[in-house]
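Subject: Structure handover

Hello,

Here is the structure for your files. My notes on the disulfides and on one pair of packed helices follow below.

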Amino acid sequence: MLVGGGVGLVGSQLSVTTAAAETEESSAKTLTAQDALDPAGTPFPDLKVTVSKTEGLTNEGLRITYSGGALSTDTTNFLQVAQCWGTVIENGVPGPARETCVFGALTANGGLRAKTTVRSAVAAPDRKYTSFQVGAYTAVPFVAYNDELVTDPATVPETYLVSNLVTNSAGDVLTRSQAGLTPVDVNQNRYFTKFTTNEIDWAPFSEDGTGEAIFEVQTALESSGLGCGSPRGLNTSEVSGQPCWLVVIPRGGADNGVNSTTGSGLWWDSWRHRIAFKLDFVPVGSRCDLAQGELQVQGSPLLAQAMFSWQGAYCGAQAGRAIAYSQGADEDAALRAATVSGAPMALVSRPLDIDGVDDALVYAPLAVTGVTISFSVDRRVNISASEEEQKKSKTPFTSMRLSPRLVAKLLTDSYLEAITGSIPSDYVSELDYSTDPATRVYTHDQDGEKVSYLRNPVTGTLNPTNVTRDREFLALNPDWGNNSLLGVGLASAVTPIGRADAIRAVWEYVLADADARAWLSGTPDEWGMVVNPFYAIADDANALGTALALPTDSFPKADPWELPNTFNDVTKAGDIAMNQIDFRPYADSFEQSAQFVLRGDDRRILGVDTTANPPKWSRTAPSPVGQRTAIGLTDSSAAARFETYTALLENSAGQYVGATTEAMLAAANAMTDVPGGSGVKAFDSLSGAAESAASAYPLTVPVYAALNPADPDEEMRSDYASFVEFIVNEGQQPGQNSGDLPRGYAPLPTSWATQAKSAATSARQGVVASPAPTPSSSGLGTPAYAGGSSYVTPVYAVPAAEGEGGTAGPAAEAPITVAQLGVTQDDPDTEPLAAAVPIGLAAGLVAALGVPLASRVRRPL
């Protein structure tokens, strides 16, 4: 169950509720060239292809490994991969019809579905899709999924047909233009485009004839044209998901009647060599009986994959209710659980710590997981490199090592391309640190041009273009040298929007490292690179004179640059207004960030779309295999779901470790109690236990259910307790089936499971323990990092001004409890948050819920 490489678990370890040696049942499948539709003349007679999973599929990544090929070039010796629906019998072999494959949206390497060719090159089975009026134009139509499962273009209703051909009364095939009709683009159509297609038009072989590619399978939710997983048999006792196919098409040096591979992979001479894997999908949509109502669960985004598995099994269990899970800020969910009767069950990774609010919650461990940094980067070897290195060009990097300081660099827009990738260089300026912070100006060079501020103020040296040009990175990753890699995706990691305890854990990991902390405070690294001054955590280093307060539970866009609107509606020239959020947009979730990485989507700006009304910035399509440059903050379960490569992170023992099950359990074994007596644990990188845990993954994060024994809604308390017990007793078995623990999670240690059951019992019985006072992490002052085993939460910020200290304010008020709020069993199950907390506290929460753009002042350009 690897998510990334790493060292093995050594030393003492916690026992787990499931035998570690027990592994999930695999549905991987291997086929060879002899399983092709027509094996005769296949370009790779010894081809063997293995797909990592073929059953129980959702929208996820499949790892495809293959051997028996020959060294690839840009135009020879490669594989193409597509997803198709429907089943037909061709040459006595069951498989998909080529008309049902999502393929043709990419222009290179024979990736189109329609194009012109020479007359003599058209194979007999392709003639029905070819107009010979002017040369030869062959266009394989696309037939979209339909409930009747009709795959024949001649009989399917036009609603489901995408075709640029018609047949006249004489039986001649014509293009729609030749027939006087509006032409239809079958390559970019209403069912798939270059932005949404999952096809791979070029999967390379290495010198030894092997290779690997990650393919995103899509369900009906992502591709209505495929319809995979659409429920079948809704009126029967057995509901199944519509199956689909994964097709691998080998391309050699010449096919489709010409001495090249420029013809479509769907044309017959290529298609006949295809290998097809049957894919079985989980039915999309909920199959739960809603008669008993839904059980609301809210909070940590780290449980998205596990909740998907658990909720389907739980509602099918005896007396189980349907589960409605929504991601949100952990702290807000915990606050609601503590102050609103019948509030959704909260999922958190930290105990509630808000001034003026008592933490009477009990915490039940549910999962051990982690935050990861995923990457999808293909080599672009320098022409000066050796011949052996040249042969690796366009193949993916599969290993990356990151120190805490490198993580900080990827999160603070400190590489040049993070700011200037699509912005004219004269729109960024050098900060003059000789003036008072309140009156700092933006200076110009001797020619009156603004100069980049991402430079060392002493040496004048500019920061590296992106992480692959950073000498610190290359020292840790020497195999990344000899490559010319460019792109904003390598300069700034895609991060999820919103607030989460898991995000705070990332910042705490960074700040626990002395080098990273010094760099964020304004000290250049050994090679002279400096932090973007708007992210500096020291007053005198920050461009605004006020330190950026870290750690925080969001990824702020702290650089407030703004590109002015210069667009002329008449001439259609100029730029549209833009800021850092426009330039480097957030992902909606950890999951989407992983999906972006898998797709090679670095969220890069292309230019102004003058055809839009109003005009807007447009983005590039995801990069195809061989050209990807994407890095994103994800979690270990999302990385496992989408099969992304993940970085090895430096831990407190100086080891680089990946988010494996063993490494996360090692981290769990080294976790220490968060002060306050809540029973919540966290991995404190400065603790002695962490420094001794050489095999621990440092961004391992536990997730707890926060239950309120004082909630007067007894039925709800009991329902929550039952769900927790189900997760602990039934949901810790690793596997692919509904109710199993998905990849990317480690089974709960036995002692944690015991704690969870005890918390569930307390919640059910309404036993309220006297809460220990919890220290607030929102105060200002000197950083609180210290050695030893205690877990501390420092805040790096400007010290409080005179008169702001003391005991006045919310912290001095009596703690808020459910009883004091006047909540009774007769109150509605879901009260607005503002009605459940004091006005001042609600106002603070509303402010905290905003997009984390730290635009403390507009920076003119």
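How many disulfides does the count come to? By the rule used here (a pair of cysteine sulfur atoms within 2.5 Å), the count comes to 2 disulfides.

Before the details, a word on the source. This is a predicted model, in which local features need pLDDT of at least 70 and side-chain atom pairs count only at pLDDT 80 or more, while totals for chains, interfaces and linings use all residues. Residues are numbered from 1 along each chain as its sequence is written, and side-chain values use heavy atoms, with hydrogens and water left out.

Disulfides

The link is right-handed, with 95° about the S-S bond. Cys84 sits in strand 4 (residues 78–85) and Cys101 in strand 7 (residues 101–102), so the pair ties together parts 17 residues apart in sequence. Strands here are DSSP runs of E with at least two residues, and helices are runs of H or I with at least four, numbered from the N terminus. Cys84 is buried, at a relative accessible area of 0%, and Cys101 also counts as buried, at 1%. Buried means under 20% relative accessible area, exposed over 50%, and partly exposed in between (1.4 Å probe, protein chains only).

Cys228 and Cys244 form a disulfide with their sulfur atoms 2.0 Å apart. With -100° about the S-S bond, this link is left-handed. Cys228 is in the loop between strand 16 (211–217) and strand 17 (231–232), and Cys244 is in strand 19 (residues 244–251), 16 residues apart. Cys228 counts as buried at 0% relative accessibility, and Cys244 is buried with a relative accessible area of 0%.

Helix 2 and helix 15

The axes of helix 2 (residues 304–314) and helix 15 (residues 714–730) come within 11 Å and cross at roughly 110°. Axes are lines fitted to C-alpha atoms, for helices over the stretch in contact, and angles run from 0 to 180 degrees between N-to-C directions. The two helices are therefore roughly perpendicular to each other, a term that covers 65 to 115 degrees.

Helix 2 contributes Met307, Trp310, Ala313 and Tyr314 to the contact, and helix 15 contributes Asp719, Ser722, Phe723, Phe726 and Ile727; contact means heavy atoms within 4.5 Å. By class, the contact has 7 nonpolar, 1 polar and 1 charged residues. Ala, Val, Leu, Ile, Met, Phe, Trp, Tyr, Cys and Pro count as nonpolar, Asp, Glu, Lys and Arg as charged, and the others, Gly among them, as polar.

Regards

Definitions and conventions: Angles under 35 degrees count as roughly parallel, over 145 as roughly antiparallel, 65 to 115 as roughly perpendicular and the rest as oblique.
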